[in-house]
Amino acid sequence: MVQLTRILRMACGNQNAANFLNEGKKIVGVALNYMDVVKARNVPVPSEPLVFLKPTSSYLQEGQPIVLPKVFTKVAYEVELGVVIGKHCKNVSKADAMSYVAGYCLALDLTAQCNLGAARAAGHPWTLGKGFDTSTPVSSFIPSDQVKDPHNLPLWLTVNGVVKQKGCTADLIFKVPDIISYVSKYMTLEPNDLILTGTPNGSDVFKSGDVIECGMAELAKLTFQVCGE
Ligand SMILES: O=C([O-])CC(=O)C(=O)O
Ligand SMILES: [Mg+2]
């Protein structure tokens, strides 16, 4: 019976991952993963994925406000495709990587530019600028069988009804299997871990009182109120 339960659990990785918000152990972010961002920022095209971590305490669900920490003067929105891992994953090839994906979500990778910019210039980590509470608003879990092609998903974001970001995951520099294979060389990806694949161009600062809306194809649409601490 125990064995049967184990087999069933392995076969139903997707169901388990539906609870990534509560069960996930880490959030792995990829920076500068769209060519239009690289061009706009006038930085070299990354030769390998630029990887950072965010704590799971930064998750936020629709219905709760984004809370801007008073220590930060400039916080920016970044709309992104999130990838939810379904199975333990270590040293996987690009060819096998997609079999470790349970599903997806729409995500925001909120970033305190004041912290990140200063930290980068000084060669310091930018953990707090990416990891503050409410810095990772997410949609509910979208099982992989509902997503025909994760590399053809339009992404958009508006602030107070004005379009600020419009992109498509077709333009990712490192695709989902590239990222999974690369990260799994270094750290084990575990069920319910989330990968943030990077944001298309147009990311900019927002403020208390703003309303942020974003969407991903016909799969997800989110609205968040912003308030101060
Ligand atoms: O905030 C940044 O500079 C990098 C980042 O997360 C992204 O490109 O998505
Ligand atoms: Mg990002």
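S135 lies in the loop between α7 and β9 (136-138); helices (H or I, at least four residues) and strands (E, at least two) are DSSP runs, numbered from the N terminus. Leaving aside neighbours within four places in sequence, S135 is in contact with K54, S58, L108, D109, L110 and K130, where contact means heavy atoms within 4.5 Å. S135 is buried, with a relative accessible area of 0%. Buried means under 20% relative accessible area, exposed over 50%, and partly exposed in between (1.4 Å probe, protein chains only).

The model is predicted: local features need pLDDT of at least 70, side-chain atom pairs count only at pLDDT 80 or more, and totals for chains, interfaces and linings use all residues. Residues are numbered from 1 along each chain as its sequence is written, chains are lettered from A and ligands numbered from 1 in the order in which they are written, and side-chain values use heavy atoms, with hydrogens and water left out.

**Nonpolar cores**

A nonpolar core is a set of buried Ala, Val, Leu, Ile, Met, Phe, Trp, Tyr and Cys residues joined through side-chain atoms within 4.5 Å. The largest one has 52 residues, of which I180, F206 and I212 touch the most other members. Helix α8 (residues 176-186) gives this core its largest share, five residues. Another core, of 12 residues, lies apart from it and includes A17, F20, V84 and L196. Beyond four places in sequence, F206 is in contact with I66, L68, V75, A76, Y77, L110, I212 and V226.

On a 1 Å grid over the protein atoms alone, a pocket is an open set of points where a 1.4 Å probe fits, with protein on both sides within 12 Å along at least five of seven lines; lining residues have an atom within 4 Å of a point. The largest pocket holds about 160 Å³ of space. Its lining has 17 residues, and L32, R41, E78, R120 and K130 are the closest to its centre. Two or more lining residues come from each of β1 (27-31), α4 (35-41) and α6 (113-122), and α6 gives the largest share, three residues. By class, the lining has six nonpolar, five polar and six charged residues.

Within α6, the residues N115, L116 and A119 are buried. Seen down the axis of α6, these buried residues fall within an arc of 95°, so they line one face of the helix; the arc is that of the directions from the helix axis to the C-beta atoms. Their cover includes β8 (111-112) and α7 (127-131). After α6 comes G123, whose phi is positive, near 75°.

**Individual residues**

L53 is found in strand β2 (residues 50-54). With a relative accessible area of 43%, L53 is partly exposed. Its contacts beyond four places in sequence are K26, I27, V28 and M187. L53 and A102 are 49 residues apart in sequence and 20 Å apart in space, C-alpha to C-alpha.

Technical notes:
Points joined across faces, edges and corners; volume = space filled by probe spheres on them. Nonpolar A, V, L, I, M, F, W, Y, C, P; charged D, E, K, R; others polar.
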